[in-house]
Structures are given as structure tokens and as C-alpha cells.
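Please read the following note beside the sequence and the model. Its points are numbered so that each can be checked in turn.

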Amino acid sequence: MRNSVMLIGRPGAEPEVKNFNNSKKARFSLAVTESKKNANGEWVDNTQWFPIVAWGAVADRVVKNVKKGKRIAVDGSLHNNEWTDDKGQRHSVTEIWVNDLFLIDWEKDM
């Protein structure tokens, strides 16, 4: 069995970075748009947003290279997080944790 995800999309904002004692965490949202024809034969876009998280050396690459609107490919795995807030409300989120990152809209100034 394998937990693997590959997405190609555009970040909606610059990555947010948090530094810990021995590590770094970078997170951003990735917009992935698929186009398909509807029942009338018209092309319709469907955009979904995915929370992306990178740790350590991969987070360093994210901070250096990921820019809002520039297409990237992300190779990672799904991670489910659950927590209870101060009011006792339970929350859960499924995130994509990055194993590797590929720049599609690469420019020399990046």
C-alpha cells in the first residue's frame, strides 16, 4: 500500500513560514483547476484548493522558490490532523505533506 499524491497547480499566496528549534515548516494553499465539458458541450473549470505543508530542507526550497500564481508540481502524501480548540470544538484537516517540488513556471530570477 502507498500514500501518494501528485498535484499541479498555482499557489494562492506566498508560503507562511514557522521556525522551530531544529526545523522549519512552510505552508501554502495550492489551486488545482480541471477543465471538462458539461452536458451542453461547454468547457467548465473546476478549481479545488489543497493545503500544502513542507518540513525541513523541503520547506527551505518552498520558501525560496514558491511564488503566488507560478505553476508548480507537488509530490507528497496525505496527512490527517485532528484537534480540539479552546471551546471544545473538534476540527480536522487533510493536508498534503511535500516530499518533492517541481517548478513548472521557472524563471532565472527565482
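1. Leaving aside neighbours within four places in sequence, Glu95 is in contact (heavy atoms within 4.5 Å) with Arg27, Pro51, Val53, Ser77, Leu78, His79 and Asn81. Glu95 belongs to strand S6, residues 90-103; strands here are DSSP runs of E of at least two residues, helices are runs of H or I of at least four, and both are numbered from the N terminus.

2. This is a predicted model, in which local features need pLDDT of at least 70 and side-chain atom pairs count only at pLDDT 80 or more, while totals for chains, interfaces and linings use all residues. Residues are numbered from 1 along each chain as its sequence is written, and side-chain values use heavy atoms, with hydrogens and water left out.

3. Is Glu95 buried or exposed? Glu95 is buried because its relative accessible area is 4%, where buried means under 20%, exposed over 50% and partly exposed in between, with a 1.4 Å probe and protein chains only. The side chains of Glu95 and Trp97 are joined by a polar contact of 3.2 Å. Such a contact is a pair of N or O atoms within 3.5 Å; within protein, one must be able to donate a hydrogen and the other to accept it, and residues adjacent in sequence count only if both atoms are side-chain atoms.

4. Ser77, one of the contacts of Glu95, lies in strand S5, residues 72-84. Ser77 counts as buried because its relative accessibility is 11%. Its side chain has a polar contact of 3.2 Å with that of His79. Not counting residues up to four places away in sequence, Ser77 touches Asn3, Glu95, Ile96, Trp97 and Asn99.

5. Which residues touch the most other members of the largest nonpolar core? They are Leu30, Ile52 and Val74, in a core of 17 residues. Such a core is a set of buried Ala, Val, Leu, Ile, Met, Phe, Trp, Tyr and Cys residues joined through side-chain atoms within 4.5 Å. Two or more residues each come from strand S1 (5-11), strand S3 (24-37), strand S4 (43-55), helix H1 (56-65), S5 and S6. S3 gives the largest share, four residues. In soluble globular proteins, nonpolar side chains tend to be buried together.

6. Val74 deserves a separate remark. Apart from neighbours within four places in sequence, Val74 is in contact with Val5, Met6, Leu7, Leu30, Ile52, Ile96, Val98, Asp100 and Leu101.
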